[in-house]
Amino acid sequence: MLPDWNYVRQVQGERIVLANAYLDMANRRRAERDYAAAQALYQKVVGIVPHDKVVWTCLGECWTNLAKYARAHACYQQALACDPAFVPALLGLAECTTLQKRPKRALKLLKRAEALMDDEPAANAQLWVAQGNACMMLADPARAERAYRRAMQFKPDYYPPYGNLGNILCERGEHAEARRLYEKAYAMGGDPVMGMNLGIQALLLGDYVEGWRRYAARLDDPRHLEFRRFEGRRRWAGEPTDTLY
């Protein structure tokens with residue numbers, strides 16, 4: 001008996017429409033840095049369309065930001081199984097590999113990605129940031145600084161290298177320039193981590209009012225899932241109390 005092709009086409013069409021709806025919601029959640037919600041939606045997409053390298057790469061990014069590096073690694077590998085020359089997946093895999101404390105392997109992946117790279121500024125900036133992060137893991141801040149500055153040259157409005165270079169300068173005691181870079185990164189990307197870095201620096205310098213105010217930015221970062229247990233609870237503002245939770 002032959003299948004009912006009209007029915008098959010109808011079902012396939014409905015599944016594609018559903019996948020696109022999930023994808024649109026996932027992309028919006030990822031843009032909002034709500035990586036927990038985004039990954040659940042991307043997971044639904046790959047359940048319907050399992051051979052999309054872009055979706056697998058986005059899912060890998062979500063798991064990376066949720067500090068689930070083994071899961072992220074598997075997603076990037078799935079993307080590369082779809083297309084071994086897909087540069088965004090190679091860059092994501094390299095960053096994930098660094099976070100898994102394998103920076104030498106990450107640098108090899110970045111060399112492979114660089115050989116496939118065109119002149120697209122965003123991808124080149126991401127590559128040099130990833131190289132800088134691997135060099136920091138190798139305790140080579142001088143090489144990392146050069147990489148971050150190279151990233152800035154490729155894409156001056158890409159905020160991560162400013163914050164990462166700020167970390168190097170803060171460690172070196174160059175606090176004025178580090179603060180300038182943190183503030184620039186925060187103004188560009190609105191990333192709560194940059195606000196938190198400003199708070200940590202202020203605390204190190206003894207400015208506790210500004211420091212604790214800035215450090216509280218971590219509580220509003222959806223990537224820090226451990227803080228969600230405090231949602232709906234009143235925050236302590238310094239008033240006399242018997243108990244802190």
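I read the elements from the N terminus on as α-α-α-α-α-α-α-α-α-α-α-α, that is, 12 helices and zero strands, where helices (H or I, at least four residues) and strands (E, at least two) are DSSP runs numbered from the N terminus. I note that this is a predicted model, in which local features need pLDDT of at least 70 and side-chain atom pairs count only at pLDDT 80 or more, while totals for chains, interfaces and linings use all residues. Residues are numbered from 1 along each chain as its sequence is written, and side-chain values use heavy atoms, with hydrogens and water left out.

I then looked up burial: of the 245 residues, 42% count as buried, meaning under 20% relative accessible area with a 1.4 Å probe, protein chains only.

Last, I checked α7 (residues 121–137) against α9 (residues 160–171), which pack at about 25° with axes 10 Å apart, the axes being lines fitted to C-alpha atoms over the stretch in contact and the angles running from 0 to 180 degrees between N-to-C directions. The pair is therefore roughly parallel, a label for angles under 35 degrees. Val129, Asn133 and Met136 of α7 meet Pro160, Pro161, Asn164 and Ile168 of α9.

How values were computed. Angles under 35 degrees count as roughly parallel, over 145 as roughly antiparallel, 65 to 115 as roughly perpendicular and the rest as oblique. Contact means heavy atoms within 4.5 Å. Buried means under 20% relative accessible area, exposed over 50%, partly exposed in between (1.4 Å probe, protein chains only).
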